[in-house]
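Work through the exercises below with the sequence and the model at hand. Each task is followed by a stepwise solution.

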Amino acid sequence: MKAISLLGSTGSIGTQTLDIVKQYPNEFRIVGLAALQNVELLAQQIRDFQPAIVAIGNIQKLPELKNAIADLDPQPILLAGEPGVIEVARYYEAEIVVTGIVGCAGLLPTIAAIEAGKDIALANKETLIAGGPVVLPLVEKHGVKLLPADSEHSAIFQCLQGVPDGGLRRLMLTASGGAFRDWSVDKLSTVTVADALKHPNWSMGRKITVDSATLMNKGLEVIEAHWLFGIDYDHIEIVIHPQSIIHSLIELQDTSVLAQLGWPDMRLPLLYALSWPERIYTTWQQLDLVKVGEMTFLAPDHKKYPCMQLAYAAGRDGGCMPAVLNAANEEAVALFLSKRIQFLDIPCLIEQACDRYQVHNCSSPTLDDIIAADQWARQEVVTASETLKRRMIVV
């Protein structure tokens with residue numbers, strides 16, 4: 001059985017990973033769990049999977065978690081805060097670490113796991129978006145495998161199996177179009193939080209669902225694909241595919257195109273990351289092309305989705321700029337979800353932060369540089385949002 005440490009166990013990625021472990025108890029076992037603050041669910045997961053080590057990110061929740069599992073014998077090692085999450089990530093028994101933590105908070109635990117020689121099932125795209133210049137050299141240094149666990153990059157990874165070195169010509173990332181794919185641009189000024197959280201195809205967390213509505217999720221995936229597959233930005237494209245059946249495509253040097261297809265189900269890329277290079281038989285619903293009926297494709301509307309171009313620009317700038325883009329986006333989305341800014345303010349705040357950081361950017365950042373850029377961008381967005389709010393009050 002492959003031993004797994006799971007970071008972000010109470011989120012969407014985490015619960016689906018545990019669903020896989022429950023379905024295949026002879027293939028996988030949980031040795032470590034880490035979650036932010038959902039004590040009730042984490043306590044139930046501890047009872048169900050009996051991990052050796054557990055961390056809760058919110059230190060104040062630790063006494064509550066201790067009380068919730070006080071009757072268990074044996075007790076897992078209980079830790080809290082970021083240092084606790086890092087210990088779960090590098091726990092000696094773990095063979096592979098699933099990084100389901102949302103946002104840049106997953107960067108340091110992932111680095112700790114890599115330095116401890118653990119393979120990574122990468123569901124936290126920010127690890128490479130913000131930390132690519134630091135993370136990839138560590139992956140090579142420690143000889144670990146970095147296996148994509150989100151649908152688009154897993155699709156590319158699956159299509160690349162057996163492709164010879166130098167055979168890849170182009171990547172095509174598919175996008176559902178998010179909650180507003182059928183909305184006109186002028187209607188976006190009326191968007192509410194509830195509107196943005198109505199994803200037509202996927203069931204995901206709040207932050208990633210808003211990213212899908214702005215299509216920033218696809219822009220971030222472009223940067224991640226650049227690092228994962230070593231291909232330049234001029235050869236990574238985005239196409240709107242409303243049915244979400246084709247999860248991404250690759251074009252080879254001879255113009256042959258390979259695609260990976262399946263129903264929208266995050267368990268498939270997670271299972272492949274955990275079982276690679278093997279294929280495990282499942283009883284999940286098989287793809288029925290007759291039932292699918294038709295598949296359509298559209299070019300993305302850059303007026304409706306300006307975040308895509310911001311991501312391409314940040315990726316090409318390199319250095320700390322992708323970290324600034326990512327942090328600014330995280331902060332802007334959080335402000336939108338708390339109803340402190342409007343939907344259309346999200347790309348404006350991100351662009352402003354990136355523009356202001358240009359004079360500070362460096363080509364070969366250290367981890368400290370990346371962390372500092374992340375913190376700078378967050379404060380920049382908060383400050384800019386307050387200025388924006390005061391202007392709205394005056395008007």
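Gly318 follows helix α13 and has a positive phi, near 70 degrees. The model is predicted, so local features need pLDDT of at least 70 and side-chain atom pairs count only at pLDDT 80 or more, while totals for chains, interfaces and linings use all residues. Residues are numbered from 1 along each chain as its sequence is written, and side-chain values use heavy atoms, with hydrogens and water left out.

**Exercise 1.** Compare the span of α13 with the expected one, then list its buried residues and what they pack against.

Solution. 
Step 1. Helices (H or I, at least four residues) and strands (E, at least two) are DSSP runs, numbered from the N terminus.
Step 2. α13 covers residues 306-317, twelve residues.
Step 3. Buried means under 20% relative accessible area, exposed over 50%, and partly exposed in between (1.4 Å probe, protein chains only). In α13 the buried residues are Cys307, Met308, Leu310, Ala311, Tyr312, Ala314 and Gly315.
Step 4. These buried residues pack against α9 (206-214), α10 (216-229), β9 (236-240), α14 (321-337) and α15 (345-357); contact means heavy atoms within 4.5 Å.

**Exercise 2.** Classify Ser12 and Ile13 as buried, partly exposed or exposed, and find the contacts of Ile13.

Solution. 
Step 1. An unreviewed UniProt entry places a "binding site" feature at positions including Ser12 and Ile13. UniProt positions are in the numbering used here, feature names are shortened, and annotations may be inferred rather than shown by experiment.
Step 2. Ser12 is in helix α1 (residues 12-23), and Ile13 is also found in α1.
Step 3. Ser12 has a relative accessible area of 29%, so it is partly exposed. Ile13 is buried because its value is 15%.
Step 4. Leaving aside neighbours within four places in sequence, Ile13 contacts Val98, Gly100, Ala123, Met266 and Leu270.

**Exercise 3.** Describe the lining of the second largest cavity.

Solution. 
Step 1. On a 1 Å grid over the protein atoms alone, a cavity is a set of points where a 1.4 Å probe fits but cannot get out; lining residues have an atom within 4 Å of a point.
Step 2. The lining consists of Thr214, Lys304, Tyr305, Pro306, Cys307, Phe343, Leu344 and Pro347.

Definitions and conventions: The expected span of a helix is 1.5 Å times one less than its number of residues. On a 1 Å grid over the protein atoms alone, a cavity is a set of points where a 1.4 Å probe fits but cannot get out, and a pocket is an open set with protein on both sides within 12 Å along at least five of seven lines; lining residues have an atom within 4 Å of a point.
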